Amino acid sequence: MQELLGQIVVQGLMVGGIYALAAAGLTLIAGVMKIINIAHGELMMLAMYTTYFLYTLFGLDPLLSVAVTLPLFFAIGCFLQRFCIERLIKGPPMSVIIFASGLIFFAQNLAATSWTQDFKVLRGYTTTTFELFGLRLTSTRLAILASAVIVTVLLYMLLSKTKVGRAIRATSQNIESAQLMGVNVKLTRVLSFGLGVALAGLAGSLLMTIYYLYPAVGTPFGVVALIVVFLGGAGSIFGALIGGLALGIVEAFTGFYLALELKDIAAYIAFIIILLVRPWGLFGVKE
Amino acid sequence: MVKRVAKFLLLIVGLAALCVAPLFVSDPTIMHILIYIFFFAYFAAAWNIVGNYAGQPSLGHAIFFGIGGYTSSILFINYGISPWIGMFVGAILAAVAALALGFPTFRVRGPFFAFITLAFTLLLSLLFVYFYDYTGGATGLPVPLKGDAPHLFQFNSKLPYYYIILAFFCVIMYVIYRLEKSKFGYYLLAIREDEDAAASVGVHVFRYKLMAAALSGFFTALLGTFYTQYTRFIDPPEAFGLWRTFQPMLISVLGGPGLWGPLVGAAILTPINESIIMFFGGRYATVGMMLYGLVVMLIVLFMPSGIVGVLRRVYTSFRS
């Protein structure tokens with residue numbers, strides 16, 4: 001029984017690692033720009049297709065395809081921010097959300113048109129399984145968990161120790177003051193959004209190693225990432241890691257004890273409770 | 001005064017034309033497109049109440065649509081209750097659902113209503129597949145065929161459906177027209193423009209947003225029942241699919257805000273959409289939807305007042 005519980009926790013941590021990675025990108029954007037990119041999951045989905053085709057066409061290992069998806073999605077994010085979001089944040093308050101839902105619909109149907117609705121998996125991709133303290137682990141799942149932790153630490157270092165990070169924090173605290181202190185706010189926003197989307201790309205690539213792929217695969221992950229952001233507090237990098245892992249574990253237990261199909265319910269219930277109790281997140285600070 | 005009378009006369013003539021139009025149409029395809037124009041226009045108008053007038057876009061109107069369609073069908077199939085009655089039961093349930101979703105989200109600033117409705121669309125499609133004993137699960141619920149039975153909301157020809165959806169549309173247009181002119185409408189306008197300013201002059205922001213959501217959910221559920229009776233079938237993708245949620249927003253954004261936006265948007269988009277489905281069918285339907293996503297992105301970026309806004313600008317520059 002104890003081994004079983006341990007296995008469920010391990011399982012939860014793996015999925016939670018994906019949630020944490022996805023939420024890290026989302027929370028960075030939320031902290032700097034006070035917007036939530038609801039199309040985050042669709043960007044993950046596009047990264048999954050990228051990884052899938054790099055594997056099937058060129059035989060590139062999905063873990064190595066990160067070297068492609070990270071810069072590619074960084075560029076996509078910078079483009080989106082520079083030419084779309086930057087225009088919209090000056091406009092009516094709800095235009096970002098409507099733009100993003102247009103993007104969701106566009107991306108899903110682009111995928112369905114180009115690559116059909118069929119489910120895809122990485123055929124023939126094998127991982128090494130090994131045992132540790134009586135728990136069965138696979139290399140890909142460990143890679144996911146490790147990347148979640150490493151990314152969180154790196155992101156924290158970037159934000160707290162570098163000049164760019166200081167500019168990002170300054171922009172998220174007060175735009176006018178940041179500008180007065182000589183921060184290029186526009187560039188900072190482009191970089192933060194690019195970084196956030198790059199993390200969606202990373203999460204997508206890693207997710208491809210443990211999950212199957214279809215055009216609508218991103219939406220639930222995007223919504224869960226959004227919930228994790230509120231759980232951890234918008235802008236809180238460590239909040240995203242802890243929130244993501246916690247939600248992963250809770251889901252694994254719901255899936256085990258209730259029904260596998262209903263595992264997502266835990267996330268939705270958590271969402272309502274957070275909204276009712278502390279809408280700015282459990283670890284975040286009130287604006 | 002003369003202008004008002006002229007406007008009124010124009011309205012009467014337009015309505016009369018819409019009432020007699022089907023008498024000259026024998027082609028069921030055109031009939032179908034006419035029905036869908038008012039279907040989409042009504043859907044967008046219902047979405048507008050909360051999405052536009054209250055400034056809280058919903059990313060889950062499929063929830064209310066699905067509640068409407070499923071409630072009337074489940075009541076009819078299991079208890080023999082006429083969908084005419086089930087329609088209103090569903091509408092009340094949807095209004096309650098809208099209140100429940102609005103309650104935790106309207107107190108917080110930001111598009112939280114959009115987030116929670118999106119999350120609950122996913123949740124409901126999970127639940128409706130899982131509890132298949134009541135909902136028919138993934139295979140869906142066919143509405144039992146009873147022939148030409150007006151008291152059961154079933155007709156053999158498309159003509160009655162046209163008149164019903166036209167009546168629906170007139171009702172919602174009247175409701176929104178009255179809303180625009182009422183205190184409630186001005187409160188909503190004030191809230192949308194500046195929430196703090198509205199609150200500071202004593203507008204109960206939270207309450208009016210909730211009322212708008214309930215009204216919007218109520219009318220959307222009526223449409224859910226209409227659709228289910230018209231197609232005689234409902235399943236989770238039909239009810240809670242992303243396309244269902246996206247429809248009213250697309251039409252509303254395309255047409256533009258205001259009273260006539262939904263009709264203009266629907267009149268332009270419906271024939272295009274139905275032609276794509278008819279001529280290209282299955283696989284290429286997604287091409288159309290991909291373009292709709294792009295259209296929404298482009299309109300929000302470059303033409304935020306929609307087609308009605310552009311027409312209005314052209315009209316004023318033409319006059320001056």
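## A tour of chains A and B

Start by selecting chain B: of its contacts between residues at least 6 apart in sequence, 77% join residues at least 24 apart. Keep in mind that this is a predicted model.

**Stop 1: chain B as a whole.** Colour chain B by secondary structure and you will find 15 helices and two strands. Its radius of gyration is 20 Å, close to the 20 Å that the globule rule gives for 320 residues, so chain B is as compact as a globular protein of that length.

**Stop 2: a loop in chain B.** Now zoom in on B:Arg232. You will find B:Arg232 in the loop between helix H10 (205–231) and strand E2 (233–234) of chain B. What is the phi of B:Arg232? The value is near 60 degrees, which is positive in a residue other than glycine. B:Arg232 counts as partly exposed because it has 13 C-beta neighbours inside 10 Å.

**Stop 3: chain A as a whole.** Follow the chain along its sequence and the pattern reads α-α-α-α-β-β-α-α-α-α-α-α-α. The radius of gyration of chain A is 19 Å, close to the 19 Å that the globule rule gives for 287 residues, so this chain is as compact as a globular protein of that length. The C-alpha atoms of chain A fill a box of roughly 60 × 45 × 35 Å along the principal axes. Buried residues account for 54% of the 287 residues here. Among contacts in chain A with a separation of 6 or more, 78% are between residues 24 or more positions apart.

Stop 4: Select A:Thr116, in the loop between H4 and E1 of chain A. A:Thr116 has a positive phi, near 60 degrees, and is a residue other than glycine. Is A:Thr116 buried or partly exposed? With 13 C-beta neighbours inside 10 Å, A:Thr116 counts as partly exposed.

Next, select strand E1 (residues 129–132) and strand E2 (residues 135–138) of chain A, which run antiparallel and are joined by four bridges. To see one pairing, pick A:Thr129, whose bridge partner in E2(A) is A:Thr138. E1(A) and E2(A) form a hairpin with two residues between them. In the turn, click on A:Phe133, which has a positive phi of about 50 degrees.

**Stop 5: two helices side by side.** Show H9(A) and H11(A), which pack at an angle of about 35 degrees with their axes 10 Å apart. Their crossing is left-handed. Which residues make the contact? From H9(A) come A:Val224, A:Ile227, A:Phe230 and A:Leu231, while H11(A) gives A:Ala267, A:Ala270, A:Phe271 and A:Ile274. By class, this contact has eight nonpolar, no polar and no charged residues.

**Stop 6: where the chains meet.** Finally, display both chains together. Their contact takes 37 residues from chain A and 34 residues from chain B. On the side of chain A that touches chain B, the elements giving two or more residues are helix H3 (66–88), helix H4 (95–115), helix H9 (218–232) and helix H11 (265–277). Which of them gives the largest share? That is H4(A), with 14 residues. Colour this side of chain A by class, and you get 26 nonpolar, eight polar and three charged residues.

Terms used
Residues numbered from 1 in each chain as written. Chains lettered and ligands numbered in written order. Predicted model: local features only at pLDDT ≥ 70, side-chain atom pairs only at ≥ 80, totals over all residues. Contact = placed C-beta atoms within 7 Å. Nonpolar A, V, L, I, M, F, W, Y, C, P; charged D, E, K, R; others polar. Rg over C-alpha atoms; globule rule 2.2 N^0.38 Å. Pairing = 2+ DSSP bridges. Axes fitted to C-alpha atoms, helices over the stretch in contact; angles between N-to-C directions. Left-handed = near helix turned anticlockwise from the far one by under 90°. Buried ≥ 20, exposed ≤ 12 C-beta atoms within 10 Å, placed from the backbone.
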